[in-house]
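Good morning, and thank you for coming.

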Amino acid sequence: MISTNEEIVLSVEHIKKKIGKRWIIDDVTFDIRAGEIFGFLGPNGAGKTTTIRMLVDLIKPTDGVIKVCGYDVNRDPERGLKYVGSIVENPEMYTYLTGFENLEHFARMQPGITKARIEEVVETVRLTERIHDKVSTYSLGMRQRLGIAQALLGRPKLLILDEPTNGLDPKGIKEMRAFIKQLASSGMAVFVSSHLLSEIQLLCDRVAIISGGKVLAVGNVNDLIAESSNYIIWDFTPRQLGLQILASNTEVMIVRNVESVLDDSVIANMNKDAVVVQMPETAVPAAVAELTSAGVSVKSVQKVTPTLEQLFLRMTEGEAIDESHSAY
Amino acid sequence: MNLIPLIKNETIKIIKKKRFYVILLILLVLVPIFTYAQMRQAQNNRQKFEGDWRLELQQAITDNQNSLGSDRVPEEWKKYRRIYIEQMQYYLEHDINPNEPNGVTFTRQFLDNSISLFIPLLVTAVASDIVSGERTSGTIKMLLTRPVRRWKILLSKLIALVMFISLIIVSTVIICYLISGAFFGYGGFNVPVFTGFLLFDSDVDMSTVHAVTSWQYILMQCGLTWFVGVVVGVLAFMVSVLVRSTAASIVTMMAALIAGSILTNMAASWKSAKYLFMVNLQLTNYLSGTPAPIEGMNLPFSLVVLSLWALAALIISFLVFTKQDILN
């Protein structure tokens with residue numbers, strides 16, 4: 001686990017952004033320490049990208065201070081951005097140049113990046129074979145890797161990745177996760193945004209949850225998830241009898257609108273006769289015993305994490321969720 | 001951060017985008033067409049006047065004198081013709097053929113005809129893309145998140161643009177001379193050309209008129225064309241900063257330039273049109289003594305008007321570019 005003695009690489013203090021008459025970002029505060037993978041979780045339109053753009057000085061905050069290694073990014077970008085590598089949204093590179101020419105281009109924008117360093121990062125992201133081809137011939141995964149190579153050129157202390165697994169195939173997603181973890185273990189702080197709870201769960205140490213431009217919670221990922229309700233999927237026959245028994249259990253709440261509670265990926269893997277309930281984990285063994293003794297054969301019992309929306313509902317007691325959607 | 005590597009980046013991008021090759025290609029296609037048309041005209045005249053350019057000139061003078069007596073010719077046109085007649089008589093008295101067909105004369109005439117529309121359009125083709133192209137492709141996010149101040153990035157783009165404008169004018173002259181020389185011969189460098197005509201309403205002050213050699217005259221033309229190129233380039237540069245799409249930026253500039261050439265033909269009675277930049281582009285006319293489209297215009301006036309427009313465009317470009325939020 002990350003010790004709290006590590007150097008603070010990024011500190012975001014009370015940043016706000018007003019566009020037109022709306023506060024797009026309203027008082028966001030968090031710190032990231034060296035060697036930590038920090039998740040930034042929120043639905044589309046919650047203000048993730050706007051916040052990231054402020055971190056890299058594409059947008060000036062209306063109020064508040066962002067410091068990287070002690071330098072104010074918006075007032076002193078020449079020093080502040082020196083320690084930051086980033087990909088904002090898609091990794092858009094010059095498609096009419098080769099991968100190598102792109103890297104040379106960005107290397108020229110910062111003193112002290114040698115040709116050997118360029119070759120080193122190309123090696124790191126495993127693009128050696130195709131690096132002298134035009135970027136217009138690259139697949140999305142290769143562009144993503146070239147983007148990361150670009151971000152790593154200046155040996156950053158903070159790496160900012162906006163939805164890094166978006167558009168990658170399952171193998172690419174796994175590789176990307178392993179790669180990010182490897183970078184963090186070398187002492188880099190990594191900031192990852194995502195709208196998928198599972199993604200953040202698999203990757204990050206700590207997370208900030210943002211909705212409607214406000215940070216709802218900052219903390220350890222697993223703690224935050226454990227606090228929210230647990231859903232259990234039951235698969236048994238005969239279905240009708242089992243359902244009656246569960247319904248009579250006072251600790252169990254049968255979930256009717258499954259689609260709005262669970263991720264599509266979970267629903268797809270579910271038996272269509274399965275029953276989804278909300279109940280404390282501790283009550284499961286007793287329920288299994290009761291069903292079995294009544295002659296219901298239990299085929300599977302599965303605990304699943306709720307969707308991001310469910311987590312939000314829990315955190316905001318059901319008020320902010322609609323707002324975060326209309327903000328999109 | 002040194003500016004030289006940034007200028008190198010911008011130069012590489014302009015070359016690799018092949019914009020400059022397109023411009024060379026346009027010149028290589030169009031110049032032979034003009035040359036051929038010029039050759040046909042020369043052949044025609046030679047037949048008519050049995051090769052004596054004095055007869056040809058005398059005929060032109062007589063034609064214009066006749067039209068002065070007609071009531072149907074507007075007074076403004078008569079003014080032009082009177083000045084033209086005086087100039088032609090001056091050439092006749094000094095026994096100099098102003099239209100002697102050779103590579104140098106063709107180049108001179110081509111520059112006269114291209115300064116207000118053709119060269120500005122070529123310049124616009126490069127300048128309109130220089131900032132908006134980065135926004136259209138999204139690469140602006142990579143460019144502005146490097147530890148370089150925004151004004152330096154913009155300045156490097158501006159310097160690269162001025163370099164290419166210079167290159168466009170040099171290539172135009174060289175291509176014109178080489179291609180037309182193949183038809184008319186490569187001589188004519190030392191043929192005298194008269195300049196220094198001072199226009200007062202309908203009179204020409206001949207006291208300051210003096211002869212310069214053709215190559216000196218072309219050098220003066222190049223200087224003025226370069227100045228027009230830079231002014232138009234800076235204006236297109238501003239539009240490119242203000243407008244996000246390259247297409248919109250090219251169309252805006254083209255509309256302004258073409259509006260200028262239309263206005264030049266009908267603005268004589270609308271005096272304040274002389275403060276518009278597009279009416280002031282025909283600087284080489286001041287060299288040859290062609291009357292200005294609006295009273296009160298002369299070389300210093302046009303230079304000041306164009307400089308003020310360029311200065312305003314530069315101030316707006318830098319203010320907007322360094323302050324604006326990159327939201328898309």
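**The interface and selected local features**

Across the interface of chain A and chain B, the rule finds 5 salt bridges, a salt bridge being a side-chain nitrogen of Lys or Arg within 4 Å of a carboxyl oxygen of Asp or Glu. One of these links Lys141(B) to Glu89(A), with 3.5 Å between the closest N and O atoms.

Before I continue, a word on conventions. This is a predicted model, in which local features need pLDDT of at least 70 and side-chain atom pairs count only at pLDDT 80 or more, while totals for chains, interfaces and linings use all residues. Residues are numbered from 1 along each chain as its sequence is written, chains are lettered from A and ligands numbered from 1 in the order in which they are written, and side-chain values use heavy atoms, with hydrogens and water left out.

The count of residue pairs in polar contact between chain A and chain B, both at pLDDT 80 or more, is 18. Here a polar contact is a pair of N or O atoms within 3.5 Å; within protein, one must be able to donate a hydrogen and the other to accept it, and residues adjacent in sequence count only if both atoms are side-chain atoms.

Which elements of chain A supply at least two residues each to the side that touches chain B? They are β1 (8-19), α2 (77-80), β6 (84-87) and α3 (99-107); helices (H or I, at least four residues) and strands (E, at least two) are DSSP runs, numbered from the N terminus. By class, that side of chain A has 16 nonpolar, 6 polar and 13 charged residues. Ala, Val, Leu, Ile, Met, Phe, Trp, Tyr, Cys and Pro count as nonpolar, Asp, Glu, Lys and Arg as charged, and the others, Gly among them, as polar.

In total, 35 residues of chain A are in contact (heavy atoms within 4.5 Å) with 31 residues of chain B.

I turn now to the backbone of chain A. The peptide bond from Thr237(A) to Pro238(A) is cis, with omega near -10 degrees, and Pro238(A) lies in the loop between β11 (231-237) and α9 (239-248). Arg126(A), a residue other than glycine, has a positive phi near 55 degrees; its place is the loop between α4 (115-124) and α5 (140-152). Glu163(A), also not a glycine, has a positive phi of about 50 degrees, and sits in the loop between β7 (158-162) and α6 (170-185).
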